[in-house]
Amino acid sequence: MESKKSKYDTNPLDPDYVKKTEEMWDDSDSSPQTQEVKGATREVGPSAKEDPRRNVYSEAPTRRYDNLSPDSAYPSVFVPPTYSQPAPYQPSPAPYQSPAGRPTHRSVAGIGLPEKWAMMLPYAPFYIGVVVSLVEMFLVPRKEPRVRFHAAQGLAVQLAIVIVQTLFTLIGAITDSSFGGNLFGAASTIFLIVSMVRVWKGRPHHIAPLTELSQWFNEHIEPRTKS
């Protein structure tokens, strides 16, 4: 006779579950038998999933860091990262320009001319400045920086004028017109005279487009007198 269930009996299982389970295990003939494994087992090689483990940067941040290699990635958020020292500040080199100061009447070493004349004559027109510039570059020592600056800049200006004047001469020979060459010759002569006046009065005179060429002349033309 089936037992009467009370309101506290909350077992959801089948009442006959235990009995059915015992009957199933008692039937030994129908139960599956374990098969014996014969022969050598196959060697299991490394799988493709193990490749990321060889890369130290593929590990999670919480991995062990007591046996990491020196080139491993940042191991933990609790360990402060290391930063390389910032490069020391290196100021940009000063632009090549004439040293400050008004020219004087003292004699310049190497040529014996007064400083005012030595600084002014490299800008003289009609190829006079070319000769003076070359003489000063080869004779004036480097302890006269203002004279050498104007000699180098005057040589660069005279060379640029000669090149442009030659181009106008060729164009005039082709077009049978010398108007452009005459106009440029007058303009260049006026520019050289203005340069001489500015240097004579002690005003700064720096021709920016010719800075690199002037600096090259000053660095590569060694004076005969080293002192």
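Val194 sits in helix 6, where helices are DSSP runs of H or I with at least four residues, strands are runs of E with at least two, and both are numbered from the N terminus. With 43% relative accessibility, Val194 counts as partly exposed; buried means under 20% relative accessible area, exposed means over 50%, and partly exposed lies in between (1.4 Å probe, protein chains only). Along the chain, Val194 and Tyr123 are 71 residues apart, and their C-alpha atoms are separated by 9.0 Å.

A word on the source: this is a predicted model, in which local features need pLDDT of at least 70 and side-chain atom pairs count only at pLDDT 80 or more, while totals for chains, interfaces and linings use all residues. Residues are numbered from 1 along each chain as its sequence is written, and side-chain values use heavy atoms, with hydrogens and water left out.

Two packed helices are described by the angle between their axes and the distance between the axes. Helix 5 (residues 145-175) and helix 6 (residues 179-200) pack at about 170 degrees, with axes 9 Å apart. Here axes are lines fitted to C-alpha atoms, for helices over the stretch in contact, and angles run from 0 to 180 degrees between N-to-C directions.

| Helix | Residues in the contact |
|---|---|
| Helix 5 | His150, Val157, Gln158, Ile161, Val164, Gln165, Phe168 |
| Helix 6 | Gly180, Gly181, Phe184, Gly185, Ser188, Phe191, Leu192, Val199 |

Sorted by type, the residues of this contact come out as eight nonpolar, seven polar and no charged. Ala, Val, Leu, Ile, Met, Phe, Trp, Tyr, Cys and Pro count as nonpolar, Asp, Glu, Lys and Arg as charged, and the others, Gly among them, as polar.

Next up is Thr211, in helix 7 (residues 211-220). At 15% relative accessibility, Thr211 counts as buried. Leaving aside neighbours within four places in sequence, Thr211 touches Tyr96 and His206. With His206, there is a side-chain to side-chain polar contact at 2.8 Å.

Stepping back, the protein chain has seven helices and zero strands. Buried residues make up 24% of its 227 residues. Among contacts between residues at least 6 apart in sequence, 62% join residues at least 24 apart.

Note on methods:
Contact means heavy atoms within 4.5 Å. A polar contact is a pair of N or O atoms within 3.5 Å; within protein, one must be able to donate a hydrogen and the other to accept it, and residues adjacent in sequence count only if both atoms are side-chain atoms.
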